[in-house]
Amino acid sequence: IKKINYLSKRELENSLNVNFSKKTFVVTYQPVTLNKNESIYEINNLLTALSEFENYNVIFTLPNHDKFSDIITQKIKSYCKKKRIKFYLSNDVKLANKLKLDGAYIPSFNKSLNHLSYRFNKKFKIVGSAHNLGEIRTKETQKVDKIFLSSLFKKNKNYLGINKFKLLSQLTRKEVVVLGGISKENLKKLKILNQSKFAGISYFE
């Protein structure tokens, strides 16, 4: 554990595409390995309780590969489907594909090409994030379907601003999704970029 290079808060936010300024639940549930019905009962109660907190981020950690763990994963999938939420797994394309999720998200720091040898169903989508031209080229090589390019407005270490963002977005044929500090006050500025798709957290709060 001492040798692990832990992500900073900012890096973790980027890897999960989550803003921790909003209250967040990290949900971990391990199945009761001796009782299938008890596992089903408990996960159902947990998901019902989470439904009462609509204004919270919810980050699920999948269970270990124990007995009945597949039931837990399927319950989480059903919960997301009922909420009309796409179930994407961050930073593990192989597992997302194995679990038949909606897709996978590849963070900007992940440069692996291992998934290019996998077989996917037609509906499986891979998205990734980038902050500069080098990372854009990496995501192109990784054959992502969409690139979340940031940061447009939010002034952090990845701040681009309108002019640089526009230049970078024109250097790729991949679909670009705007990310970074989108608000109702600056939303109209997206027309300058000829961009209609954006992602955000604070905007929807």
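Student: In E7, which residue is the bridge partner of lysine 146?

Tutor: Heads up, this is a predicted model: local features need pLDDT of at least 70, side-chain atom pairs count only at pLDDT 80 or more, and totals for chains, interfaces and linings use all residues. Residues are numbered from 1 along each chain as its sequence is written, and side-chain values use heavy atoms, with hydrogens and water left out. Strands are DSSP runs of E with at least two residues and helices are runs of H or I with at least four, numbered from the N terminus. Over in E7, lysine 146 has as its bridge partner glutamate 175.

Student: How many bridges join strand E6 to strand E7?

Tutor: E6 covers residues 146-149 and E7 covers residues 175-179, and they run parallel. Two strands count as paired if DSSP finds at least two bridges between them. Phenylalanine 148 stands opposite valine 177 in E7. The number of bridges joining E6 to E7 is four.

Student: Which are the edge strands?

Tutor: Go along the open sheet of six strands in its order, E3-E4-E5-E6-E7-E8, with parallel pairing. An edge strand pairs on one side only, and that describes strand E3 (88-90) and strand E8 (198-199).

Student: How many of the five residues of E7 are buried?

Tutor: Buried means under 20% relative accessible area, exposed means over 50%, and partly exposed is in between (1.4 Å probe, protein chains only). E7 is largely enclosed by the rest of the structure because its buried residues number four of the five.

Student: At about what angle does helix H5 run to E5?

Tutor: H5 (residues 133-141) lies across strand E4 (103-106), strand E5 (125-130) and E6. Axes are lines fitted to C-alpha atoms, for helices over the stretch in contact (heavy atoms within 4.5 Å). Angles between N-to-C directions run from 0 to 180 degrees. For H5 against E5 the angle is about 165°.

Student: Which residue forms a salt bridge with glutamate 140?

Tutor: The rule wants a side-chain nitrogen of Lys or Arg within 4 Å of a carboxyl oxygen of Asp or Glu, and the count comes to one salt bridge. With the closest N and O atoms 3.0 Å apart, the partner is arginine 137.

Student: What kind of pair do the rings of phenylalanine 25 and phenylalanine 53 make?

Tutor: The whole structure holds six aromatic pairs, where rings of Phe, Tyr and Trp (its six-membered ring) pair if their centres lie within 6.5 Å, with planes under 30 degrees apart stacked, over 60 edge-to-face and the rest tilted. Here the centres are 5.1 Å apart and the planes sit at 90°, so the pair is edge-to-face.

Student: How many residues apart in sequence are the parts that this pair ties together?

Tutor: Phenylalanine 25 is partly exposed at 25% relative accessible area, and phenylalanine 53 is too, at 36%. Phenylalanine 25 lies in strand E1 (residues 24-28) and phenylalanine 53 in the loop between helix H2 (36-50) and strand E2 (57-61), so the separation in sequence is 28 residues.

Student: How far apart are the ring centres of phenylalanine 60 and tyrosine 79?

Tutor: The planes sit at 80°, so this pair is edge-to-face. Phenylalanine 60 is in strand E2 and tyrosine 79 in helix H3 (residues 69-82), 19 residues apart. Both residues are buried. Their ring centres are separated by 6.0 Å.

Student: What should the 14 residues of H3 span?

Tutor: The expected span is 1.5 Å times one less than the number of residues. The end C-alpha atoms of H3 agree with the expectation, and both values are 20 Å.

Student: With which residues is threonine 73 in contact, leaving aside its neighbours within four places in sequence?

Tutor: Threonine 73 lies in helix H3 and is buried, with 6% relative accessible area. Leaving aside neighbours within four places in sequence, its contacts are Leu62, Pro63, Phe87 and Leu99.

Student: How far apart are the C-alpha atoms of leucine 47 and valine 144?

Tutor: Leucine 47 is in helix H2 and counts as buried at 7% relative accessibility. Beyond its neighbours within four places in sequence, leucine 47 contacts Phe60, Lys75, Ile76 and Tyr79. Valine 144 is 97 residues away along the chain, and the C-alpha separation is 31 Å.
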